Amino acid sequence: MNAKDEVAKLVNTVHRTLFQVTNGRVGGTIVGMPAVILTTTGRKSGKKRTSMLTSPVQEGGRVVLVASYGGDERHPQWYLNLQNNSAVELVGFGKNQRMTARTANAEERADLWPKITERYKGYADYQTKTDREIPVVILEPTA
């Protein structure tokens, strides 16, 4: 694990702990966006893995996440995990819910990306740092 990964893990752990202990009163938003806790299943370990993320867009019951990893050339681990197993849990917006995750298709991404970058301009900057197209993830409630 490199230094960036170690720092990201530490910051994520501290933020998640504050969010959980205060029921979202501390850490409930990050740069003006709602904070959420995403639980995925580790693709190698099979263990539950949690990540503190932001959701720049919520539409109906859908929650949108961005797999930017700060513009890194690599996808974040949580994204790789949900590609392997789309069943996830989300804590945020005052509830804990089971959801199904999927990568937005080209048409959905074209619709969502302007909304995402309007909410947080940093995502557009992240995209300029990497050759990979930053995935947009759509979470939908599990039926």
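Which helices and strands each supply at least two residues of the lining of the largest pocket? Select α1 (3-21), β2 (33-41), β3 (48-54), β5 (62-66), α2 (77-84) and α4 (122-129), and you have them. Helices (H or I, at least four residues) and strands (E, at least two) are DSSP runs, numbered from the N terminus.

Before you click on: this is a predicted model, where local features need pLDDT of at least 70, side-chain atom pairs count only at pLDDT 80 or more, and totals for chains, interfaces and linings use all residues. Residues are numbered from 1 along each chain as its sequence is written, and side-chain values use heavy atoms, with hydrogens and water left out.

**Stop one: the pocket.** The largest pocket holds about 1,300 Å³ of space. For its centre, pick A8, N12, S51, Y69 and W78, the closest of the 40 lining residues. A pocket here is an open set of points on a 1 Å grid over the protein atoms alone, where a 1.4 Å probe fits, with protein on both sides within 12 Å along at least five of seven lines; lining residues have an atom within 4 Å of a point. Now colour α1, which gives the most to the lining, with 10 residues. By class, the lining has 18 nonpolar, 14 polar and eight charged residues (Ala, Val, Leu, Ile, Met, Phe, Trp, Tyr, Cys and Pro are nonpolar, Asp, Glu, Lys and Arg charged, the others polar).

L10 counts as exposed because its relative accessibility is 56% (exposed is over 50%, buried under 20%, partly exposed in between, with a 1.4 Å probe and protein chains only).

**Stop three: salt bridges.** There are nine in the whole structure, each a side-chain nitrogen of Lys or Arg within 4 Å of a carboxyl oxygen of Asp or Glu. Show R109 and E133, whose side chains meet at 3.7 Å, N to O. This pair links distant parts of the chain, with R109 in helix α3 (residues 106-119) and E133 in the loop between α4 and β8 (136-141), 24 residues apart. R109 is buried at 13%, while E133 is exposed at 54%. Within it, R62 and E59 meet at 2.8 Å.

Definitions and conventions:
Points joined across faces, edges and corners; volume = space filled by probe spheres on them.
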